[in-house]
Amino acid sequence: TNSGYRAVYSYNSSSNTYDVILASNPSGAAVLFYAGRNNTVSLSTMAGSPAFNASDSDSNTVTGSYLWSAAFFAAQFDTTADNNAIRLSTMASGAGGYAALYITNSSSNAVSGSYVFNSAGPGAHLTNGASSNTIASSYISAPANYGVVINVNAGGNAISLSTVSGGTGSPALQMSDVASNTVTSSYLGGAGGNAASLDTNARGNVISQSTLTATGAGSIALYVNASSNTVTGSWLLSLAGHAVAVQSGNYNVISLSTMIAGSTGYRALQMDDSDRNMVTSSYLQNAGGHGVFLQTGSDDNTISFSTMVSGGAGYAALYANSSDSNTVTGSLITNPAGYGAYLDAGADRNTITLSTMSSDSAGNAALYITANSSNAIWSSYVQGSTAAYVVGSTGTVIGGSVLVATNTAGAALAWESGVNL
């Protein structure tokens with residue numbers, strides 16, 4: 001019961017086995033392996049602060065056990081505790097300032113087939129150079145905090161075949177100042193926070209074959225404030241926020257993915273001050289508002305072989321303002337109730353090629369270009385009540401394209417206010 005002692009303390013010891021034990025210490029660690037190797041705990045209950053701690057200890061295993069801490073980490077790996085494993089176990093904590101699973105400065109540890117829960121703090125936290133650790137086939141839940149936090153130079157870690165759930169206002173997955181972590185075949189979601197947030201200096205991370213769902217007002221399925229990350233083969237859904245929001249993020253790639261938003265004030269994909277990002281072979285839809293929204297200096301981005309859909313009256317499947325030199329190729333851009341593509345003020349030198357733009361709305365053009373310069377439409381098909389409408393813009397080029405007006409009061413090509421085509 002003393003903070004300076006442990007119910008089980010293994011120092012510089014190897015190949016010991018602890019089966020069906022109850023280890024309890026409300027004031028300190030229940031089980032501590034220090035500088036030990038190849039020890040095993042199975043079918044046991046550990047309760048303490050932390051319940052289980054491996055420090056500078058390698059290749060130890062916990063199986064089929066329950067680890068509980070009311071005020072600290074349930075499981076803690078620190079100080080080069082490497083190649084350890086927790087399998088088919090439950091790690092639970094009630095501590096607001098501590099994670100149920102905590103890995104720091106340790107590598108190649110594996111958690112599999114386990115349940116990780118924290119009623120007040122984060123579910124799992126990998127930090128301070130934690131590398132090549134894996135979480136597989138597990139369920140991580142933190143109803144009041146982050147589901148998983150990966151930060152401070154933690155790299156090469158992997159989450160697979162798992163469910164990660166965060167709490168209100170907190171992402172299910174939060175990454176910052178890390179590189180080369182992967183999430184595969186997993187579900188990320190929660191009650192009110194972002195599904196995943198890739199924040200400052202999160203680079204080279206990959207999310208693949210996963211589902212990211214945000215349900216709270218203003219919450220985002222994927223928020224990116226970082227560069228050179230990849231999302232592929234994934235489903236990203238936000239019921240009341242952006243499906244994907246990229247803010248001051250560059251060189252990110254989204255491929256073979258579906259992005260769906262369902263609110264008029266949000267977008268399937270929004271970019272702010274973000275350059276040289278790429279979306280390819282993807283589907284982007286917002287039934288109530290803009291599908292894709294590029295603004296405030298989002299330049300040199302590419303969308304290819306993708307479908308952009310809006311269903312909002314007066315909104316656009318593709319909207320750009322104050323964003324230059326972006327390219328759309330081989331894509332479908334459609335809104336039955338509004339604009340197909342809308343290039344607004346200050347959206348200059350953008351190119352749409354080998355694409356189809358369409359609208360069924362009597363009051364909205366399939367392609368609307370206003371108050372900008374040097375935009376180009378090449379080898380494309382444009383169909384709407386008025387197919388293309390150019391207003392107050394200079395240097396617009398439409399070449400090798402088919403423009404079809406579907407309304408007797410419309411025009412295949414209309415222009416006004418000092419246009420230089």
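## Basis of the model

Residue numbers start from 1 along each chain as its sequence is written, and side-chain values rest on heavy atoms, with hydrogens and water left out. Because the model is predicted, local features need pLDDT of at least 70 and side-chain atom pairs count only at pLDDT 80 or more, whereas totals for chains, interfaces and linings use all residues.

## Nonpolar cores

A nonpolar core is here a set of buried Ala, Val, Leu, Ile, Met, Phe, Trp, Tyr and Cys residues joined through side-chain atoms within 4.5 Å; buried means under 20% relative accessible area, exposed over 50%, and partly exposed in between (1.4 Å probe, protein chains only). The largest such core holds 84 residues, and Met46, Leu101 and Leu222 touch the most other members. Its largest share, three residues, is supplied by strand 40 (residues 316-321). Strands (E, at least two residues) and helices (H or I, at least four) are DSSP runs numbered from the N terminus. A second, separate core has seven residues, including Ala316, Tyr319, Tyr339 and Tyr368.

For Leu101, contact (heavy atoms within 4.5 Å) is made with Ala75, Phe77, Met91, Val111, Val116, Gly123, Ala124, His125 and Ile135, leaving aside neighbours within four places in sequence.

## Val390 and Thr396

Val390 belongs to strand 49 (residues 388-391) and is buried, with a relative accessible area of 1%. Not counting residues up to four places away in sequence, Val390 touches Ile369, Thr396, Leu413, Ala414, Trp415, Glu416, Val419 and Leu421. The C-alpha atoms of Val390 and Asp82 are separated by 63 Å, the two residues being 308 residues apart along the chain.

Thr396 occupies the loop between strand 49 and strand 50 (397-399). Thr396 is buried, with a relative accessible area of 1%. Apart from neighbours within four places in sequence, its contacts are Ile369, Ser374, Asn375, Val390, Asn420 and Leu421.

## Backbone features in loops

Ser49 and Pro50 are joined by a cis peptide bond, with omega about 0°. Pro50 is placed in the loop between strand 6 (45-47) and strand 7 (52-55).

Positive phi values also occur in residues other than glycine. Ser180 has a phi of about 65° and lies in the loop between strand 22 (173-176) and strand 23 (182-184); Ser180 is partly exposed, at a relative accessible area of 45%. Leu256 has a phi near 50° and sits in the loop between strand 32 (253-255) and strand 33 (258-261). With 55% relative accessibility, Leu256 counts as exposed.
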